[in-house]
Amino acid sequence: MGRSMSPASEHLPKLTGELTVHSEKLQRDFTVFADKGQLKQRESGPSFRNEHPLAWAIGSGGNGLSFIVQRGEHLFQAPLSFYSRVGRWDLSPGYEFADYGFNRTIAAGCINCHSGRPQPVPGTNGQYQKQPFTELAIGCENCHGPGRKHIALRGAKTAIVNPARLPRERADEICMNCHQAGDTRILQPGKIEADYRPGMALNDVVAIFKLPRSKDTDLLEHHESMHMSKCYEKSTTMSCLTCHSPHSAKIDYNAKCLSCHSDHPAGGGPDCVNCHMPKRDVKVIAHSALTNHRIVRKPDQPLPPARDPGSDLIHINRTGKAELPLLTRMQAYGQMADREPTYYEKFQALLDEASQKEAQNPLVLASLGRRALRANRFAEAITHLQAAREKGSVSSTTFEDLGEALSRAGRLEESAQVLQQGIQAAPYTAVLYKSLALRFIQLKRFEEAKQTLTKYVDLFPEDDFIRKLLAQVSGAR
Ligand code: HEC
Ligand code: HEC
Ligand code: HEC
Ligand code: HEC
Ligand code: HEC
Ligand code: HEC
């Protein structure tokens with residue numbers, strides 16, 4: 001974990017010469033190469049090249065490394081990753097399906113799980129700024145909490161969190177925060193990821209949800225698997241710390257098993273985990289466990305009955321019986337809404353409830369605005385979306401939706417203004433430039449339309465269609 005993130009240039013030796021991956025589907029070449037001590041990547045097509053230096057590497061490289069590109073004050077994923085188990089560079093996970101170029105923003109979650117102390121910009125929902133880390137790799141404070149008081153009190157033990165002295169749920173949640181991504185994670189109202197401190201209930205900051213199991217698979221994350229073990233269920237003490245000590249390089253797992261199963265004939269035979277915690281053969285960058293943490297009697301043992309069988313979205317880190325805040329539930333179903341109509345319907349019902357109880361919340365207002373826009377109720381959409389802006393929504397979709405609603409209501413000037421504000425707030429959002437250019441054309445402000453497209457092509461050269469369009473328009477003049 002201490003090598004979870006590093007400067008990209010440290011990985012120059014992984015490269016012998018220039019290396020190109022061709023994508024048949026996208027009709028693109030992706031190249032990784034060294035240039036003046038820097039690691040760089042390039043995307044190229046028949047008539048463009050776009051290259052950027054890599055700033056940081058994510059991962060210690062056990063399975064692989066992904067890279068971060070910094071453009072202005074924003075962080076993006078790089079198109080190629082290094083897959084250590086097969087010793088090869090290839091498209092990053094997800095890039096085989098769509099041409100993201102260098103415009104796929106690094107989700108706040110990646111940084112939060114893979115780095116020491118990220119520095120989100122206040123009020124921007126986890127967006128990162130120029131110096132995004134005060135500590136690059138995972139460090140002491142990720143598990144022990146802030147150390148300032150501990151140092152001021154000359155090392156007083158009471159002034160720092162020792163995970164070993166916490167109740168097991170609280171200790172496990174330190175690990176769970178990074179080792180159990182779930183299907184969706186929703187920040188509790190008003191929280192950012194950095195608000196979580198070891199020793200707190202994780203649920204006070206973030207609620208983690210899983211979809212019900214669709215089929216019996218052991219492709220699970222560590223925390224969930226451990227919870228399905230008889231060892232965990234039937235003992236009152238098993239936690240991640242029973243077997244793992246982040247401070248020991250070598251762990252005798254047999255001794256850990258035997259600490260509870262003392263009646264087992266130990267002897268010199270193969271390790272307990274060989275049979276009871278089998279490993280999977282993983283060649284990709286997977287976010288599920290390599291070592292099966294469901295400790296089973298026999299490898300083909302069926303999974304225990306699902307938790308919360310009636311629920312369509314399972315809140316896996318709940319504490320006690322308290323119901324989740326309405327806003328958290330609404331966002332969770334909102335995240336799942338494209339999956340199946342039932343999630344969408346539930347989201348709509350929760351949004352209705354929120355429109356009564358949380359009428360001033362920017363997220364609620366933005367969602368109401370989007371719903372009205374989709375139903376062609378433009379005046380209503382404008383009212384909600386403008387209110388969302390006033391209440392502090394900085395999401396690029398709020399600008400996009402408001403620009404659209406104003407335009408559909410015939411208010412083209414205002415629409416152009418809003419889109420320009422959106423570009424200032426989220427300068428790497430392609431759709432805002434395209435909408436703005438269209439608005440300028442509708443307003444017959446052709447010079448500004450051309451300037452907007454020029455800027456767009458500069459930022460997103462992989463867009464063949466717009467690039468050719470611009471060349472034609474410029475050529476015609
Ligand atoms: C801030 C996020 C974070 C926290 C907190 C965290 N981990 Fe990790 N852990 C990671 C990441 C990321 C990796 C993978 C590092 C890599 O190889 O790039 C990892 C790797 C590991 C590994 C593999 C071997 C190793 O040491 O690299 C073990 C075992 C592990 N973690 C156990 C734990 C346990 C137990 C806890 C709780 C005490 C914990 N982790 C807390 C993020 C975290
Ligand atoms: C919920 C926390 C979490 C999030 C979010 C997350 N990761 Fe991970 N990632 C991990 C952990 C933990 C591991 C270690 C795998 C394991 O042993 O479970 C890992 C493994 C990796 C590895 C392989 C590292 C190695 O040393 O082999 C890469 C690369 C990686 N993640 C990149 C990313 C990227 C890019 C994102 C964002 C798109 C991301 N991760 C999001 C927790 C997370
Ligand atoms: C991945 C989580 C994790 C990280 C990162 C981590 N620790 Fe720990 N630390 C633990 C756990 C769990 C224990 C208690 C059990 C053990 O020793 O493994 C512990 C125990 C300790 C203890 C013994 C405390 C006592 O009262 O006995 C000290 C001292 C300590 N850690 C210092 C550090 C320092 C310094 C760093 C940074 C270089 C650090 N730890 C990073 C998880 C972590
Ligand atoms: C904290 C104590 C504890 C530790 C550590 C522990 N176990 Fe267990 N284990 C239990 C308890 C309690 C049961 C349930 C016994 C029962 O049902 O009577 C159990 C059950 C089992 C079972 C039967 C599972 C089933 O589905 O019937 C196996 C196999 C097992 N343990 C193997 C292991 C192995 C291998 C390790 C080490 C990797 C280990 N245990 C570590 C406490 C522990
Ligand atoms: C009963 C013992 C046991 C418990 C409890 C346990 N682990 Fe593990 N864990 C192992 C073993 C054994 C390995 C494989 C170690 C190896 O191959 O070197 C492992 C490996 C890992 C790895 C490395 C990646 C992988 O899948 O091989 C991570 C990460 C990890 N454990 C996280 C956790 C977390 C988080 C928890 C708590 C939710 C936890 N473990 C609880 C025994 C345990
Ligand atoms: C060669 C594979 C293998 C190894 C190594 C192994 N086990 Fe087992 N173990 C099994 C099998 C198979 C069963 C199930 C026997 C049955 O159900 O008839 C089992 C059963 C168990 C049970 C359940 C016993 C019961 O009465 O319910 C426990 C606990 C257990 N093993 C723990 C361990 C521990 C601890 C170690 C290491 C010291 C270990 N095993 C090593 C294959 C193995």
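## Terms and basis

A residue is called buried when its relative accessible area is under 20%, exposed when over 50%, and partly exposed in between (1.4 Å probe, protein chains only). This is a predicted model, in which local features need pLDDT of at least 70 and side-chain atom pairs count only at pLDDT 80 or more, while totals for chains, interfaces and linings use all residues. Residues are numbered from 1 along each chain as its sequence is written, chains are lettered from A and ligands numbered from 1 in the order in which they are written, and side-chain values use heavy atoms, with hydrogens and water left out.

## Helix 16

Helices are DSSP runs (H or I, at least four residues) and strands likewise (E, at least two), numbered from the N terminus. Helix 16 covers residues 430-442. Its buried residues are Leu-432, Tyr-433, Ser-435, Leu-436, Ala-437, Arg-439 and Phe-440. Their cover includes helix 14 (396-408), helix 15 (412-425) and helix 17 (446-459), where contact means heavy atoms within 4.5 Å. After helix 16 comes Lys-444, with a positive phi near 60°.

Strand 2 (residues 19-23) pairs with strand 3 (residues 28-35) in the antiparallel sense over five bridges; pairing requires at least two bridges found by DSSP. Leu-19 is opposite Val-32 of strand 3. Four residues separate the two strands of this hairpin, and Gln-27 in the turn has a positive phi of about 55°.

Cys-231 belongs to helix 6 (residues 230-234) and His-261 to the loop between helix 8 (253-258) and helix 9 (272-276), so the pair ties together parts 30 residues apart in sequence. His-261 is partly exposed, at a relative accessible area of 40%.

Note on methods:
Expected span 1.5 Å × (residues − 1).
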